[in-house]
Amino acid sequence: MPDGETLPVVHDTGSGPALLLLHAFPLDASQWDHQVATLSGDFRCLRPDMWGCGDSPPPVDPLRVTLDGFAASVVAWLDAAGIGDVVLVGSSMGGYTAYAMLRQAPSRVRGLVLASARASADTEAQAADRRRMAGRALREGAEFIVEPMAARLLGPSARSEPHIADPVMGRIRRCRPEGIAACQIAMASRPDSGDLLASLTMPALVVAGEHDAVVSRDEAEALAAALPAGELAVLSGVGHLANLEDPPAFTDVLSEFLRRVAG
């Protein structure tokens, strides 16, 4: 397997056209529970856990994991399951994984949704910060990231709502230190995907949160404009984790796109 890893655990629910949902850092496939509850009657909802997150085993070497390797492992899982094309949905880190999959197997993607994702690579300073977090997680465990990450990822309203913030912190706690490290190292080494965008001619939707403190509105607008068939939806009142902060609004936007692309 790529990166010397086993296949990831992929949660497989429902039947119909395949919908591949890629989670954000530092969460797991349960990020998509609200959407699966609504969509699995019409779509086969596939949710891989990154190595060391959720139910996937920890990576053999967290400091050598790449998003290209993880994307290749997901494609291998699709091959083994006999699944052809998918509508690809990526949230934040999941969007970066989506770019890796699009570089490897663009013909497998019939529609693309990028939520709170950017196309640029990390700056040197950002990559260095990720490497420091990876090392600290391996030395100390992952508890130190829980509250700061939740505060950064959630919008102001969601941070004050325990029914939103508490489950997000619970998901972060389920990521093992090796998973935290692997995700950070993989994101730090990801290439710039700006040149890829013009070749992505499939229908594409960019979803942005009004109060996203990680990916700016300008970045979301530029991403949608760079995709030949791109469109932008801005969800009011939410931050970086739009599908968890306002599940009905996110699911409505996603469902409308799916009706056009995969209905």
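**Exercise 1. Is glutamate 219 buried, partly exposed or exposed, and what is its relative accessible area?**

*Solution.* The model is predicted: local features need pLDDT of at least 70, side-chain atom pairs count only at pLDDT 80 or more, and totals for chains, interfaces and linings use all residues. Residues are numbered from 1 along each chain as its sequence is written, and side-chain values use heavy atoms, with hydrogens and water left out.

Step 1. Recall the classes: buried means under 20% relative accessible area, exposed means over 50%, and partly exposed lies in between (1.4 Å probe, protein chains only).

Step 2. Glutamate 219 has a relative accessible area of 28%, so this residue is partly exposed.

Step 3. Turn to the partner. Glutamate 219 forms a salt bridge (a side-chain nitrogen of Lys or Arg within 4 Å of a carboxyl oxygen of Asp or Glu) with arginine 118, and the closest N and O atoms are 2.8 Å apart. This pair links distant parts of the chain, for glutamate 219 is in helix α9 (residues 217-226) and arginine 118 is in the loop between β5 (109-115) and α4, 101 residues apart. Helices (H or I, at least four residues) and strands (E, at least two) are DSSP runs, numbered from the N terminus.

Step 4. Arginine 118 has a relative accessible area of 15% and is therefore buried.

**Exercise 2. Why is helix α8 described as largely enclosed by the rest of the structure?**

*Solution.* Step 1. Locate the helix: α8 covers residues 177-188, has 12 residues and reaches 16 Å from its first C-alpha to its last. This is close to the expected 16 Å, a span defined as 1.5 Å times one less than the number of residues.

Step 1. Of the 12 residues of α8, 10 are buried, so the helix is largely enclosed. Among them are Ile180, Cys183, Gln184 and Met187.

Step 2. The cover over the buried residues of α8 includes α2 (67-81), α3 (93-104) and α4 (124-140), where contact means heavy atoms within 4.5 Å.

Step 3. The buried residues of α4 include Arg130, Met133 and Ala137, and what covers the buried residues of α4 includes α8. Just after α4, glycine 141 takes a positive phi of about 90°.

**Exercise 3. Which residues lie nearest the centre of the largest pocket?**

*Solution.* Step 1. On a 1 Å grid over the protein atoms alone, a pocket is an open set of points with protein on both sides within 12 Å along at least five of seven lines, whereas a cavity is a set of points where a 1.4 Å probe fits but cannot get out; lining residues have an atom within 4 Å of a point.

Step 1. The largest pocket holds about 400 Å³ of space, a volume being the space filled by probe spheres set on grid points joined across faces, edges and corners.

Step 2. Its lining has 18 residues, and Arg130, Met149, Arg152, Gln184 and Val214 lie nearest the centre. The elements giving two or more residues to this lining are α4, α5 (146-153) and α8.

Step 3. For comparison, consider the cavities: there are four of 30 Å³ or more, and the largest cavity has a volume of about 40 Å³. The residues lining the largest cavity include Tyr96, Arg118 and Arg190.
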